[in-house]
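These are my notebook entries on one structure. I set down what I looked up and what I found.

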Amino acid sequence: MFIVNLFSVVLHAIVVTVLLLHDKEKVYLKGKDKIVPPFRFGVEDVATKMWFHKLAYPGQCLTNSHLDIIFYYLRKKGKYAKEPKVKFTTTDCLFFKTIHALYEKFIAQKKNLSLITAQHAIADYIRGRKMLCGSPWHLCDHVFFIIHMETESHWILGRLNIEERRVYMYNSLSTAMKDSAAIKACQPFAVLLPHFFALFDEFKKENKPVCLDPFEVVKVDGLPQQTSNDCGCFVASFAEYFIDMKPIPPIFDVEKHRDRLAVLFYKYARMKEVEFIDSEDEAPPKGPKKNLS
């Protein structure tokens, strides 16, 4: 899998000098920003060079597109690894929006449990059916959540340990006020997911009902802290460190991590384009067979 490979020095030079410039406002000449044909990354196509510029340069906010693509390849890495170190899956930005919208309605309707059904989109995520490379959650030990604190314009990472019934919150901009807001942003996961788990026999232990008490939300301490708008890069890296069972270093080289991600994705996209490679998950759906008679 490409995500495991070390970045190439040569490709690093190419990407940085050709695609990435220091002027954040006027990076490319008019009409020179397009990637034709677009790079296909399974869950989304990338059609502009600015996508790579925002990924590579410190101080620029990563978008839903960046994080959805990164977390798609993380779960793909976990699903297809021969000997995965951690049994996990990830969600996407739509999952966050969906569960937050449901939570607002749930609270507004005085905790109306009839809103939580096996037909809801959240249940499809739990079944592993909602996303490319999804895995049923009952086969995983951990589930990663991309969480956006809209009032703070800030990304944080949530990690559900299913066995412990805890949501671990990773915040790269930790203050008493922001930690309080981050824990509040985790509440929809902590409150609603136990009720969704109760809909599935796979989460029952010894035929006992699933506990409906909210999951505990635990702040992860001792994390490196951002000094600019790099929270998206921190979120992606925190997840990858855990997946690879590596300790998160106290000193975090944002520029190095951003360069690495930009080069890896550019290299992979070019390889797919040149060698016409598409994994089964990324291949376009096959049309109906033609009748040749």
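**Entry 1: the loop residues**

In which loop does S153 lie? I located S153 in the loop between β4 and β5. I took the helices (H or I, at least four residues) and strands (E, at least two) as DSSP runs, numbered from the N terminus. The model is predicted, so I noted that local features need pLDDT of at least 70 and side-chain atom pairs count only at pLDDT 80 or more, whereas totals for chains, interfaces and linings use all residues. Residues are numbered from 1 along each chain as its sequence is written, and side-chain values use heavy atoms, with hydrogens and water left out.

I then looked up the backbone of S153, which has a positive phi of about 50° although it is not a glycine. Most residues other than glycine have a negative phi, and most peptide bonds are trans. S153 is exposed, with a relative accessible area of 53%.

I recorded K111 as exposed, with a relative accessible area of 55%.

I checked one peptide bond as well: the bond from V36 to P37 is cis, with omega near -10°. P37 belongs to strand β1 (residues 34-40).

**Entry 2: the whole chain**

I noted eight helices and seven strands in the protein chain. Of its 293 residues, 48% are buried. A contact means heavy atoms within 4.5 Å. Among the contacts in the chain with a separation of 6 or more, 65% come from residues 24 or more positions apart.

**Entry 3: F145**

Is F145 buried or exposed? F145 counts as buried, at 0% relative accessibility. I found F145 in strand β4 (residues 142-149). Leaving out residues up to four places away in sequence, F145 touches T91, F95, W137, I156, L157, G158, L160, F189 and L193. I looked at F95 in particular: F145 and F95 are 50 residues apart along the chain, yet their C-alpha atoms are separated by 8.1 Å.

**Entry 4: helix α6 and its partner**

Helix α6 (residues 176-197) has 22 residues. From its first C-alpha to its last, α6 reaches 32 Å, close to the expected 32 Å; the expected span is 1.5 Å times one less than the number of residues. A kink of about 35° lies at C186 in α6, shortly before the proline P188. Here the bend is the angle between axes fitted to the seven residues ending at a residue and the seven starting there.

Two packed helices are described by the angle between their axes and the distance between the axes. I found that helix α4 (residues 93-108) and α6 pack at about 80°, with their axes 9 Å apart. Axes are lines fitted to C-alpha atoms, for helices over the stretch in contact, and angles run from 0 to 180 degrees between N-to-C directions. The two helices α4 and α6 are therefore roughly perpendicular (65 to 115 degrees) to each other. F95, F96, I99, H100, L102, Y103 and F106 of α4 meet A185, Q187, P188, F189, V191, L192, L193 and F196 of α6. Ala, Val, Leu, Ile, Met, Phe, Trp, Tyr, Cys and Pro count as nonpolar, Asp, Glu, Lys and Arg as charged, and the others, Gly among them, as polar.

**Entry 5: helices α7 and α8**

How many of the 13 residues of α7 are buried? Twelve are, so α7 is largely enclosed by the rest of the structure. Among the elements that its buried residues pack against are α3 (64-80), β4 and α8. Just after α7, M245 takes a positive phi of about 55°.

The axes of α7 (residues 231-243) and α8 (residues 254-275) come within 11 Å and cross at roughly 80°. I noted that C233, F234, S237, E240 and Y241 of α7 make this contact with V254, H257, R258 and R260 of α8. By class, the contact of α7 with α8 has four nonpolar, two polar and three charged residues.

Technical notes:
Buried means under 20% relative accessible area, exposed over 50%, partly exposed in between (1.4 Å probe, protein chains only). Angles under 35 degrees count as roughly parallel, over 145 as roughly antiparallel, 65 to 115 as roughly perpendicular and the rest as oblique.
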